[in-house]
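Okay, everyone, thanks for coming.

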Amino acid sequence: MSQTIREAFPALARPGFHYLDSAAMAQIPGLVSEAVTHHNRTARSNVRRGLHEMAQRADAAYDGARAAVGRFLGAPAEEVVFTAGCTLALNMAAWGLGRNLGPGDEVVVSRLEHHSACLPWMALAKERGFALRWLGVTPDGRLDLDSLGTVVTPRCKAVAVTHASNVTGAVSDLPRLAEAAHGVGAKLVVDGAQMVPHGRVDPRALGADLYAFAGHKAYGPTGIGVLWGRAEILDGMAPLVVGGGMVGTVEDGDFTWGEPPHRFEAGTPPVAQAVGLAAALNWMADLDWPAVRQQEAALAWHLLDGLRSMDGVRVIGPLGLEARVPVVSFTVAGCHPHDLSHLLAGRGVAVRGGAHCARPLMSALGLEEGTLRASLAPYSDRSDVDALLAGLAEAVKVLR
């Protein structure tokens, strides 16, 4: 099945190329590229601006893309905000909820977070004077949910967590986190960048209040992201960026915000990118996800099993398949992850070495040099994993 899926990705047609860096950027199906090209050829115009034929086509395409994202998330289109990426979406969430916080307030951030999810809150805490509290991790790279009762206090206003870690692959128990946050009147902000590429999600059903993800990790174009939010929460948030297209009225010395989601989309939005993202999510929705997940799990187990059999290898994250996505990080004693990544690249194996923009987690786990990370996708197959394991064995011989 993975071979059939793989055929939809032109970049993977090169013989001997094994792409295992999807957690950083997924490859893009040909139909997504074609959707973007078709839009630019037939409907390239600004939205919400004109009445001519091209403008009307652009409006229809952009509105259709928003509806497609809503369907993917099980949400009305009015709760879907398009952004330039997941980083901007998470900054918008932090600003919208945190701009009025101050001394005496608290925000909880987990140590599993990508910098895009924790740094906005860290910067706001410095500026606004509220306290930042850290939710720790267990030795196997999961959130320490046993400490929720002491970390999430009545002073907490927001809890920011990842849905799936970009380092350990661990999937967070969002319903339990939502219960803790909502129990003290706080909002749950979720970074879904690593979860969305592995199937449809329903943020509302999971208890999230705001949920962000990136197009380039979900088989879509770069320069596009999504911030989903419950309508009542978006309605109470102020935008991070101001400009054309997002105001209600403008008078001398005063103005009013427009209604969500347009309130959060100042200036010309990423129209073509939104069209591409819609094509990618529609493609994902048509996959046989039980079969895809079974394939991903089998490959992840094959990788984990192979790594366990190698001397000096330490897997960073869960050793089993329960509640994890196929993102596998590991270290090799005596070998720097950057050196391993370089040698593997010479064998046509694309992986990533470093801290993966997760320094708080690396510090908590004592991993100053970072890790080597292999990340699987629906287009991955056994040859990719075999090439990684064989290449790793050879690379270790060179470095030791």
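Let's begin with a helix pair: H11 passes H14 in a right-handed crossing. Before I go on, please keep in mind that this is a predicted model. Helix H11 covers residues 289–308, and its axis comes within 9 Å of the axis of H14, crossing at roughly 15°. Angles under 35 degrees count as roughly parallel, so H11 and H14 are roughly parallel to each other. Which residues make the contact? On the H11 side you have Leu299, His302, Leu303, Gly306 and Leu307. H14 brings Arg382, Val385, Asp386, Leu388, Leu389 and Leu392.

Now stay with H14, because it also packs with helix H12, and the angle there makes H12 oblique to H14. H12 is residues 337–345 and H14 is residues 382–399. Their axes are 9 Å apart, at an angle of about 120°. This crossing of H12 and H14 is right-handed. H12 uses Asp339, Leu340, Leu343 and Leu344 for the contact, while H14 uses residues including Gly391, Ala395, Val396 and Leu399. Look out for Leu388 and Leu392 of H14: they're in the contact with H12, and they're in the contact with H11 as well.

Okay, on to the cores. The largest nonpolar core has 74 residues. Which of them touch the most other members? Those are Val69, Leu73, Phe82, Leu177, Tyr219 and Tyr379. Helix H10, residues 271–285, gives the largest share of this core, nine residues. And where does the core lie? Domain 1 (32–285) and domain 2 (288–399) both give residues to it, so it lies between them.

Let's pick out Leu177 from that list. If we skip its neighbours within four places in sequence, Leu177 is in contact with Leu135, Leu143, Leu145, Leu148, Val161, Ser172 and Leu188.

Last stop: Ala84. You'll find Ala84 in the loop between strand E2 (80–83) and helix H4 (86–98). Buried, exposed or partly exposed? Its relative accessible area is 48%, so Ala84 is partly exposed. Not counting residues up to four places away in sequence, Ala84 touches Gly223, Ile224 and Gly225. As for Gly248, that residue is 164 residues from Ala84 along the chain, and their C-alpha atoms are separated by 22 Å.

Conventions. Residues are numbered from 1 along each chain as its sequence is written. This is a predicted model: local features need pLDDT of at least 70, side-chain atom pairs count only at pLDDT 80 or more; totals for chains, interfaces and linings use all residues. Side-chain values use heavy atoms; hydrogens and water are left out. A nonpolar core is a set of buried Ala, Val, Leu, Ile, Met, Phe, Trp, Tyr and Cys residues joined through side-chain atoms within 4.5 Å. Buried means under 20% relative accessible area, exposed over 50%, partly exposed in between (1.4 Å probe, protein chains only). Helices (H or I, at least four residues) and strands (E, at least two) are DSSP runs, numbered from the N terminus. Domain bounds come from an automatic or database domain assignment. Contact means heavy atoms within 4.5 Å. Axes are lines fitted to C-alpha atoms, for helices over the stretch in contact, and angles run from 0 to 180 degrees between N-to-C directions. Angles under 35 degrees count as roughly parallel, over 145 as roughly antiparallel, 65 to 115 as roughly perpendicular and the rest as oblique. A crossing is left-handed if the near helix is turned anticlockwise from the far one by less than a right angle, and right-handed if clockwise.
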